[in-house]
Amino acid sequence: MQRLWAPWREGYITKVINNQHRGCIFCRVLKSNKDAKNYIFLRSPLAFAVLNIYPYSNGHCLILSNRHVSDISQLTPAEIQAMMELLLEAKKLLQKTLKPHGFNIGLNLGRMAGAGIPGHVHVHVVPRWQGDHNFMPVTAGTKVISQSLGKIYELLTDVPRKKSSGLW
Ligand SMILES: [Zn+2]
């Protein structure tokens, strides 16, 4: 059996380790008012959407509850609805701007299942193009990235980034 590996997770994990004293990275960017710097492109009272800084593909984003919970079973019905609404909105934006041929949408629950930040539940939205990979990107460990995060953020928000920034 082929072993699963995911080199893109390493960056997140390193970040988490480096930032442990500062708490959850998702809660931190949510509380920050620097949405462009943090690539947050949608907000609602109960949920938000952010570009993944270690994407599997162009436009790979995450949908999160504003509240810090580690499992979907801890979400309230209102939070589930808010996340689903943002998911649909993000998908619509991605469809309009990047014109993918399809999407992988899903959850990795727990670090053993591939969650880079298992403490704060998040739904992955991964745009796919015909011929981009032969396998699910979550298992293939390959990335084909041709557009920068900053450019994609501009496309999704229609807001030019005032300063290009690096990572969280
Ligand atoms: Zn959190």
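Let's start just after helix α6, where Asp158 takes a positive phi of about 65°. Helices here are DSSP runs of H or I with at least four residues, strands are runs of E with at least two, and both are numbered from the N terminus. Residue numbers count from 1 along each chain as its sequence is written. This is a predicted model, so local features need pLDDT of at least 70 and side-chain atom pairs count only at pLDDT 80 or more, while totals for chains, interfaces and linings use all residues.

Step back into α6 itself, residues 149-157, and you'll find Leu149, Ile152, Tyr153 and Leu156 buried (20 or more other C-beta atoms within 10 Å of a residue's own; 12 or fewer is exposed, in between is partly exposed, with C-beta atoms placed from the backbone). These four sit on the same side of α6, because they cover an arc of only 105° around the axis, taken from the directions from the helix axis to the C-beta atoms.

Now for strand β5, residues 122-128: six of its seven residues are buried, so the strand is largely enclosed by the rest of the structure. Strand β4 (residues 102-107) runs antiparallel to β5, joined by six bridges, and Phe103 has Pro127 as its bridge partner there. Strand β3 (residues 61-65) also pairs with β5 in the antiparallel sense, over four bridges; pairing takes at least two DSSP bridges. Ile63 stands opposite Val123 in β5.

How confident is the predictor? On pLDDT, its confidence in each residue from 0 to 100, the protein averages 80, with 73% of residues at 70 or more. Among the elements, β2 has the highest mean (97) and helix α5 (residues 137-140) the lowest (48).

Notes. pLDDT is the predictor's confidence in each residue, from 0 to 100.
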